[in-house]
Amino acid sequence: MTIRRTAARQALVFLAVHPDGANSRDLTTAIWPGLPAHTVTSRLYTTLSDLRKAVAAVSEIPLIEHTGDRYRLRRDHIEVDLWRFHAAVEHAATAVTARPAAWQAVINAYTGNLAAGHDWPWLNPPREALRRRVIDAYTALAATQPDPRRALSLLQDAIRVDPYNEDLHRRAIHALEVLGDHAAAEDLLTTFNRRLTDAGLEHEEEVRQPRAASSGQTH
């Protein structure tokens, strides 16, 4: 499906993030922040009309339903990877048994950064919330692993999702030291510190101290 208007793509993602729907003000405030809603209402109608035409070109089933002043995606006709992810998160949060399998399902349902390649003003909060959920699944699953190498692998995968996460690096460094690979632990620490410095981010003094020092190892 070809979506010509950037605003139409943004509206589609916004409705995916809000499966219960959004009204005109919600959409106009998100897509055209800083502009009075009444001044961009016509833009919204044009945007949604263009989106409907794009859908109609590939399917007879309408993608968006409009009831009153509320727009929502047709949950009875479409699937959204974001919705599958949230369903996996809900299951993991309530699972009493087979919790490692539930956490793995969350990890499997994560398809990457939300709306990758876009930097819309409203996008950061849901994007970060999504990232936190999958990081929680990685750390919870790693904590259940009897094999420290498997735990380390999970933490390394999590770091690829969030390369600036201090807690993940702290856990991975500890896992490397448990495995006796102190050189790799220091390398990871050095890489992390450099990454934070290059990004202009602050980090805690505790994280900057080599973990091997506490075990009496010298390098």
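**Close-up views of a predicted model**

**View 1. Helix α1, tucked away.** Of the 12 residues of α1, 10 are buried, so this helix is largely enclosed by the rest of the structure. Keep in mind that what you see here is a predicted model. The buried set is made up of A7, A8, Q10, A11, L12, V13, F14, L15, A16 and V17. Helix α1 covers residues 6-17 and reaches 17 Å from its first C-alpha to its last, close to the 16 Å expected at 1.5 Å a residue.

**View 2. Zooming in on Q10.** This residue sits in helix α1. Is Q10 buried or exposed? With a relative accessible area of 5%, below the 20% cut-off, Q10 counts as buried. Leaving aside residues up to four places away in sequence, Q10 touches A30, I31, W120 and W122. For a sense of scale, pick out A172 too: its C-alpha atom and that of Q10 are separated by 36 Å, and the two residues are 162 residues apart along the chain.

**View 3. Where α2 meets α3.** Here we look at helix α2, residues 24-31, and helix α3, residues 37-56, whose axes come within 9 Å. The axes cross at roughly 95°, and α2 and α3 are therefore roughly perpendicular to each other. On the α2 side, the contact is made by S24, R25, L27 and T28, while α3 brings A37, V40 and L44. Sorted by class, this contact of α2 with α3 has 4 nonpolar, 2 polar and 1 charged residues.

**View 4. The α4 and α5 pair.** Two packed helices are described by the angle between their axes and the distance between the axes. For helix α4 (residues 81-94) and helix α5 (residues 99-109), the axes cross at roughly 165° and come within 9 Å. That angle is over 145 degrees, and α4 and α5 are therefore roughly antiparallel to each other. The crossing of α4 past α5 is left-handed. Look for D81, R84, F85, A88, V89, H91 and A92 on α4, which make the contact with R99, A102, W103, A105, V106 and A109 on α5. Grouped by class, the residues in this contact of α4 with α5 are 9 nonpolar, 1 polar and 3 charged.

**View 5. Helix α6 and its cover.** This helix takes in residues 124-143, and its 20 residues should span 28 Å at 1.5 Å a residue; the end C-alpha atoms are 28 Å apart, which agrees. Which residues of α6 are buried? They are R127, L130, R131, V134, I135, A137, Y138, T139, L141 and A142. And what covers the buried residues of α6? The cover includes α4, α5, α7 (148-161) and α8.

**View 6. The α8 and α9 pair.** Helix α8, residues 166-178, packs against helix α9, residues 182-199, at an angle of about 165°, and their axes are 7 Å apart. That makes α8 roughly antiparallel to α9. The crossing of α8 past α9 is left-handed.

How values were computed. Residues are numbered from 1 along each chain as its sequence is written. This is a predicted model: local features need pLDDT of at least 70, side-chain atom pairs count only at pLDDT 80 or more; totals for chains, interfaces and linings use all residues. Side-chain values use heavy atoms; hydrogens and water are left out. Axes are lines fitted to C-alpha atoms, for helices over the stretch in contact, and angles run from 0 to 180 degrees between N-to-C directions. Helices (H or I, at least four residues) and strands (E, at least two) are DSSP runs, numbered from the N terminus. Angles under 35 degrees count as roughly parallel, over 145 as roughly antiparallel, 65 to 115 as roughly perpendicular and the rest as oblique. A crossing is left-handed if the near helix is turned anticlockwise from the far one by less than a right angle, and right-handed if clockwise. Contact means heavy atoms within 4.5 Å. Ala, Val, Leu, Ile, Met, Phe, Trp, Tyr, Cys and Pro count as nonpolar, Asp, Glu, Lys and Arg as charged, and the others, Gly among them, as polar. The expected span of a helix is 1.5 Å times one less than its number of residues. Buried means under 20% relative accessible area, exposed over 50%, partly exposed in between (1.4 Å probe, protein chains only).
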